[in-house]
Amino acid sequence: MDFKIIVNTEDKNLAIKQTKSLNSWIEDEELEEVEIELKRKELQADEAGAGVVESILAVVLGAKAVVELVKTINTWIQEKTKREVAATPKLSLTIETIEGEKITIDAENIGKTEQAIIEKLSKIVAQNEEIK
C-alpha cells in the first residue's frame, strides 16, 4: 500500500527538518515490509504557502508492518516532544493514502490514539490488499 506522511508544524523550515528526522528514525528501525523515500514538493500558486518546499515521506507498507510503523512514529513523536517541547511548535503528522483518505496523528494526544490509528491504518491496508 502506498501512502505519504506529512509533518505539520507552523514553521515550514522546521517541518522539513522534522520530516528528515522522522525519515532517519524509520530507516534506523529497519522495519520489514516498509519502504520509505523522502520527497520534496514545491507548493503550487493555488495552495496555502505557495513557493514553499514541502517535504513528504513516501511509504510503501505491507499489512504486517502497520503496527510497527505506528509504534515507531509514536516513539519518534514522544522523543521529539520530550526533548524539544519548549522549542517545538504544535506538531502533527498526516498519513494520506493515494485514494486521498487521511489519518492525522497529533503529538498532544498520541498515547491516547495509538490503538485507533493502528486499527484505522490496518483497515485501509487490508481493504487495499483485497482490491489487488
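Most residues other than glycine have a negative phi. The model is a predicted one, where local features need pLDDT of at least 70, side-chain atom pairs count only at pLDDT 80 or more, and totals for chains, interfaces and linings use all residues. Residues are numbered from 1 along each chain as its sequence is written, and side-chain values use heavy atoms, with hydrogens and water left out.

Glu 30 sits in the loop between H1 and strand S2 (34-42); helices (H or I, at least four residues) and strands (E, at least two) are DSSP runs numbered from the N terminus. With 68% relative accessibility, Glu 30 counts as exposed (over 50%; buried is under 20% and partly exposed lies in between, with a 1.4 Å probe and protein chains only). The loop between H1 and S2 also holds Glu 33, another non-glycine residue with a positive phi, near 65 degrees. Glu 33 is partly exposed, at 39% relative accessibility.

As for H1 itself, its 18 residues reach 26 Å from first C-alpha to last, close to the 26 Å expected at 1.5 Å a residue (1.5 Å times one less than the number of residues). Buried residues of H1 include Leu 14, Ile 16, Leu 22 and Ile 26.

Glu 68 belongs to helix H2 (residues 66-84) and is partly exposed, with a relative accessible area of 42%.
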